[in-house]
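Subject: A structure to look through

Dear colleague,

Please find below the structure that I promised to hand over.

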Amino acid sequence: MLLCVTASHKTASFELLERLSRTPDDVAPTLVGMTPCVQGAVVLATCNRFEAYVEMDEPVTAAGAIGVEAVLEAVESATGVPAAELEGAYTVHSGRRVAEHLFSVASGLESVVSGEGEIAGQVRRALKSARKEGTTSPELERLFQRASQAQRKVKNVTALGRAGRSLVRLALELADSRIVDWSAERVLLVGTGAYAAVTLATLRERGAVDISVYSPSGRAEVFATKHGIRAVPVDAYARTAAHSSLLITCTTATEPVLGPEHLQLPAAAASSGCPVGTHSQLVVDLGMPRNVDPAVAALEGVALLDLETIRLHAPLEELQATDAARTVVREAADTFHVVGARQSVTPSVVALRSHIFSLLDTEIDRARARGDEDGKVEQALRHLAGVLLHTPTVRAHELAAAGRADDFAAALSALYGIAPEANPAEDAATA
């Protein structure tokens, strides 16, 4: 069975989400190694959510409860956040609700800004990370691959993607009230990842031209060359920060990369060029965990805009998904469930067909030995076998869709004394 334990901006505080996101890569390996009941795990950690998707061994009694307990233990072990502190901050989805939830998340329907595009890439990277760690499973592979398909369909057939705005765009729209002329801003971008590229494009859309970039990981030169902006070396970081009017941070660093010490230059350094004047520095922190020391907000002339503030200002009309997008997601989730149910009954159907065809081959050999030279008896036998198999196969799929695949397997055992072998659907998914 599939299980999802999720803490998001709807259920948990920003501070708690920040702590959960510090070491998310350790959760899935810890979870898979904790108990044989867990067959696979994928962890999705973004600036506004922390989710663990788990495949449990279904025959295990109380698999759902065991799975939730295992997730909480793994989170505590990997992030240091005790399970007691998570009480009331997470929700649990199981069974067919898991697919609908992930498809909604991947499509941006559960984001702070409905329809934001960054989450689709984050979902894909979560699966890629699980593959790298060896923690995924055939069913989780199918789940996340179908989530990407659902996201693309939502984008293509609804207006959600066109109406939705990213967190970057929303942050800069909030900054509009403080900025008169974007072309006159001295912008420092801290970070060189995917968010940085989106931020740079959005800045240029607004008319910003004086842009430099600093990378705590040393990738500023490559990023600057690629995008035609200035790279800031380590020894010039504080001086450039103090002389910038707009600073935007978007790194994956787990500790703050911008603090009061970068914005308050010593007198000797300040004399080499006037720092930005009073009430004229805006710092936008898009990092999770936060990239900027909150003490920066207490500095004279500095305004800090972080994710928590951005979330509070998200327009209500964009927090609500369109009916068309929700319909696409529900239909995709229903299809996922039906296909999965059919796959679950496939071994039983294969076992029945193998049994019938084995009997058929025996009778055909007997007919040939008795002189069936024109093959008419063989043709009639093959037709009869097809007719006999049709109704049981249809019923098998109907039972599977209703969650009763085990009833079909039990009937085969009772009537023919046969049992399904290894699940070919799992082999196909793994391949």
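**What was found**

Strand β5 (residues 186-190) is largely enclosed by the rest of the structure, because 4 of its 5 residues are buried, where buried means under 20% relative accessible area, exposed means over 50% and partly exposed lies in between, with a 1.4 Å probe and protein chains only. Helices (H or I, at least four residues) and strands (E, at least two) are DSSP runs, numbered from the N terminus.

Before going further, please keep in mind that this is a predicted model, in which local features need pLDDT of at least 70 and side-chain atom pairs count only at pLDDT 80 or more, while totals for chains, interfaces and linings use all residues. Residues are numbered from 1 along each chain as its sequence is written, and side-chain values use heavy atoms, with hydrogens and water left out.

The protein chain as a whole holds 19 helices and 10 strands, and 48% of its 431 residues count as buried. Contact means heavy atoms within 4.5 Å; among the contacts in the protein chain between residues at least 6 apart in sequence, 72% join residues at least 24 apart.

**The parallel sheet**

Strand β5 belongs to an open sheet of 6 strands, in the order β7-β6-β5-β8-β9-β10, whose pairing is parallel; two strands pair if DSSP finds at least two bridges between them. At the edges stand β7 (230-231) and β10, each of which pairs on one side only. Strand β5 runs parallel to strand β6 (residues 210-214) and is joined to that strand by 5 bridges, with Val-190 having Tyr-214 in β6 as its bridge partner. Further along the sheet, β9 and β10 are also parallel and joined by 5 bridges, and here Gln-281 stands opposite Val-302 in β10.

Helix α10 lies across β5, β6 and β8 (246-249), and runs at about 165° to β5; axes are lines fitted to C-alpha atoms, for helices over the stretch in contact, and angles run from 0 to 180 degrees between N-to-C directions.

In the loop between β9 (281-285) and β10 (302-306) you will find Arg-290, which counts as buried because its relative accessibility is 17%. Leaving aside residues up to four places away in sequence, Arg-290 touches Phe-14, Glu-18, Glu-255, Pro-256, Asp-285 and Asp-306.

**The antiparallel sheet**

Strand β2 pairs with strand β3 (residues 49-56) in the antiparallel sense over 8 bridges, and the bridge partner of Ala-45 in β3 is Phe-50.

**A pair of helices**

Two packed helices are described by the angle between their axes and the distance between the axes. Helix α6 (residues 118-133) and helix α7 (residues 138-157) pack at an angle of about 160°, with their axes 10 Å apart. That makes α6 roughly antiparallel to α7, given that angles under 35 degrees count as roughly parallel, over 145 as roughly antiparallel, 65 to 115 as roughly perpendicular and the rest as oblique.

Finally, which helix holds Val-328? Val-328 is found in helix α16 (residues 323-369), and it counts as buried because its relative accessibility is 10%. Not counting residues up to four places away in sequence, Val-328 touches Ala-150, Lys-153, Val-154, Val-157 and Thr-158. Val-328 and Ser-104 are 224 residues apart in sequence, and 9.5 Å apart in space, C-alpha to C-alpha.

With best wishes
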